[in-house]
Amino acid sequence: MEQILPIIRQYWGYDELRPLQAEAMQAVLDQRDSLVVLPTGGGKSLCFQAPAMHMNGLALVISPLISLMKDQVDALQACGVPAACVNSTLSPSQRRQVADDVRQGRLKLLYLAPERLMSGPTMDFLQGVKLSFVAVDEAHCISQWGHDFRPEYRALSVLKQAFGGIGIHCYTATATPRVRHDIVSQLQLADPHVLVGSFDRPNLVYRVFRRDELLRQVGEVIERHRDESGIIYCIRRADVDSLCAALCDLGHRALPYHAGMADEDRRRNQDAFINDRARIIVATVAFGMGIDKSDVRYVIHAGAPKSLESYQQESGRAGRDGLEAECSLFYTGADFVTWRRLQQDSNPQAVQASNALLAGIEKFCATVHCRHRAILEYFDQELEAGKCEACDVCLNELQFVADPLVIAQKILSCVLRVKERFGAAYVSRVLVGSRDQRIAAEGHDQLSTYGILAEEGRQNVRAWIDQLTEQQFLAKGEYEVLHVTPSGRQLLRGEIIPQLQTPAEQPRQVTQLEVDAWEGVDRGLFEELRALRRRKADERGLAPFIIFSDVTLRDMARRRPSTPEGLLAVQGVGAAKCEQYAAEFLPAIVGYCERHQLATDLEAPRPARPRPAAAARPPHAIKRQAFELFGQGQSLEDVARGIGRAPSTTWQYLSEYLQQHAVCDPAPWVDEAMFERIRQAAEEVGRERLKPIFEKLGGSVSYDQIRIALTCLAN
Ligand code: ADP
């Protein structure tokens with residue numbers, strides 16, 4: 001590894017490795033088969049590209065898509081790494097040239113599609129070549145259980161025999177154990193080193209909204225990212241066409257992409273997006289695989305995705321460069337109905353599986369807890385820090401309602417009063433007193449709960465119903481009909497207090513992530529460099545991010561180098577790029593600094609990075625450990641320290657522990673005197689709401705402590 005780091009500095013211009021990159025590279029150097037699972041943007045390519053530069057021979061890279069190969073080879077060549085690909089777009093003479101380069105040992109990496117590698121002549125040719133290893137990119141394509149199954153990947157099962165003795169290394173962002181198992185067994189990997197990274201993407205800010213006026217909502221996100229690249233996902237092709245047309249009418253440079261379009265139109269639109277000629281691509285899920293564009297600054301879901309896995313993949317296309325990026329999801333209950341309809345033609349087992357996946361994303365949409373945590377827990381991983389500082393919940397863009405119990409009781413009573421025969425949309429209309437004919441026809445305008453939440457607004461009421469369903473006080477039966485669960489009955493008796501949220505009044509805040517990522521950057525210079533990058537990209541027929549990433553341009557606009565040595569110190573500038581671009585970028589920097597009387601050649605400190613990605617540890621083990629420590633009567637602070645979690649998380653665990661174990665005495669977490677004061681206050685103002693108790697006690701007792709005391713009283 002000591003020899004690899006200088007190679008990375010020289011060719012890629014990076015000073016540090018990302019999590020698991022060192023281990024993954026070590027496996028390649030050791031010639032031990034490996035399977036590396038890292039999320040999109042985790043930096044999988046470098047794991048095989050850098051060792052390929054160091055090792056003797058040619059590395060073969062199996063890749064499923066021509067566009068993906070082309071981007072990777074362009075990026076490698078731009079860094080001065082001798083790489084090529086062979087595919088159908090090459091002319092016979094270009095192909096002969098590649099073969100000649102391979103024979104002469106001039107290449108370090110060769111990209112191929114699986115069907116080409118497996119063709120007789122290619123195989124024969126490669127058997128006579130000194131190979132360093134084989135890398136299988138997008139390795140989940142081999143598994144039927146993956147979302148991108150490609151039958152041609154199956155043929156790779158002969159790799160091990162065909163090239164016996166060299167390492168086979170597989171890379172994927174798909175996390176499910178079944179897919180991992182398939183990859184290992186089908187490729188016959190020998191005692192592979194399996195490295196699974198964290199699925200946390202700390203630089204992505206997740207926000208979830210109920211959709212009301214989509215165009216306005218989408219417009220607000222776009223406005224925050226003027227002149228930056230973004231992807232907007234829609235569920236259906238018709239939605240793509242109408243939203244794209246509406247955005248163009250508003251003057252945005254948006255293009256559509258879906259499977260109903262001609263191949264050529266799709267390719268043209270994809271290229272325009274990658275080359276920054278169009279800023280926005282409005283697409284179905286058909287768009288994405290093979291998009292290596294690193295500077296996508298936002299991904300909008302104009303409708304709910306079909307699973308949390310899909311959401312992780314699709315939203316993960318934002319911020320691959322590690323800079324802050326925004327992922328906003330706009331949904332309504334109708335989206336889930338649409339997905340169910342689209343998927344109903346599959347076999348019963350598949351329908352069942354897709355319904356279970358839909359339930360997962362529905363839960364995610366309605367959660368009142370940290371969204372990074374929710375995604376990680378879905379993948380059986382756990383967030384280390386208490387707050388992620390990168391989702392609407394943790395950024396306090398949502399606020400807890402002051403009296404959730406009363407509101408929830410009104411909602412649940414309404415569900416009971418309509419005899420548990422209606423869905424969320426109908427129940428919310430009754431609660432806000434809608435003049436809907438059906439409600440009158442059913443006589444539900446006569447119910448005591450009719451219009452009881454009129455002042456709260458339908459959007460809020462509808463969101464609360466989802467939140468209560470997510471917290472399992474309500475459940476959905478056939479045809480989405482709501483019914484009250486046993487814990488819902490406890491809630492009606494005031495024994496459990498739910499959590500309900502609404503959007504906060506204050507406008508969206510600038511996140512710390514954004515502040516840190518722009519720290520010390522001269523924005524004007526950044527924009528000038530960006531324009532220069534565009535011109536160079538057009539001249540050379542390359543995607544702009546292949547010339548320099550946004551990380552590099554920001555670092556340039558931070559350090560403002562005036563010499564080649566200074567340029568080499570910029571993140572992402574290796575020797576080849578320095579040589580190629582110094583003559584144009586340095587004068588641009590110096591000229592700008594002279595015009596604006598700015599100093600050049602600053603010793604810029606490395607900008608603060610997003611918090612480190614969460615460790616890949618299963619959550620259950622941590623919760624179990626917390627319960628054990630609570631059982632020993634340890635204080636909250638000690639338990640928090642013992643499990644390495646923030647007090648806020650530990651309070652949450654404690655509340656679950658008390659409920660599960662029916663604990664009646666809150667000592668040692670709430671001392672006797674305090675418990676007594678809370679009990680008395682609760683007697684005077686009632687147990688339904690926390691706020692009056694909090695106020696009665698003059699704010700001297702925390703909400704957490706009140707909640708714990710009330711749980712024990714209820715027990
Ligand atoms: P993946 O294939 O896992 O989705 P990539 O290999 O495309 O991710 O890497 C994502 C981005 O991160 C690329 O722009 C890449 O150049 C950059 N990158 C990878 N490793 C590092 C590193 N150690 N330091 C800085 N940038 C890196």
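1. Phe627, Phe630, Tyr657 and Trp669 make up one aromatic cluster. Rings of Phe, Tyr and Trp (its six-membered ring) pair if their centres lie within 6.5 Å. The count by this rule is 19 aromatic pairs.

2. This is a predicted model: local features need pLDDT of at least 70, side-chain atom pairs count only at pLDDT 80 or more, and totals for chains, interfaces and linings use all residues. Residues are numbered from 1 along each chain as its sequence is written, and side-chain values use heavy atoms, with hydrogens and water left out.

3. Which helix packs with H24 at about 135°? Helix H26 (residues 550-559) does, against H24 (residues 523-540), with the axes 9 Å apart. Axes are lines fitted to C-alpha atoms over the stretch in contact, and angles run from 0 to 180 degrees between N-to-C directions. H24 and H26 are therefore oblique to each other; oblique covers what is left after under 35 degrees (roughly parallel), over 145 (roughly antiparallel) and 65 to 115 (roughly perpendicular).

4. From H24, Leu525, Phe526, Leu529, Arg530 and Arg533 meet Asp550, Leu553, Arg554, Met556 and Ala557 of H26. Contact means heavy atoms within 4.5 Å. The contact residues divide into six nonpolar, no polar and four charged.

5. Phenylalanine 330 counts as buried, at 2% relative accessibility. Phenylalanine 209 counts as partly exposed, at 31%. Cut-offs for relative accessible area: buried under 20%, exposed over 50%, partly exposed in between (1.4 Å probe, protein chains only).

How values were computed. Helix = DSSP H or I, 4+ residues; strand = E, 2+ residues; numbered from the N terminus. Nonpolar A, V, L, I, M, F, W, Y, C, P; charged D, E, K, R; others polar. Phe/Tyr/Trp six-rings, centres within 6.5 Å; stacked < 30°, edge-to-face > 60°.
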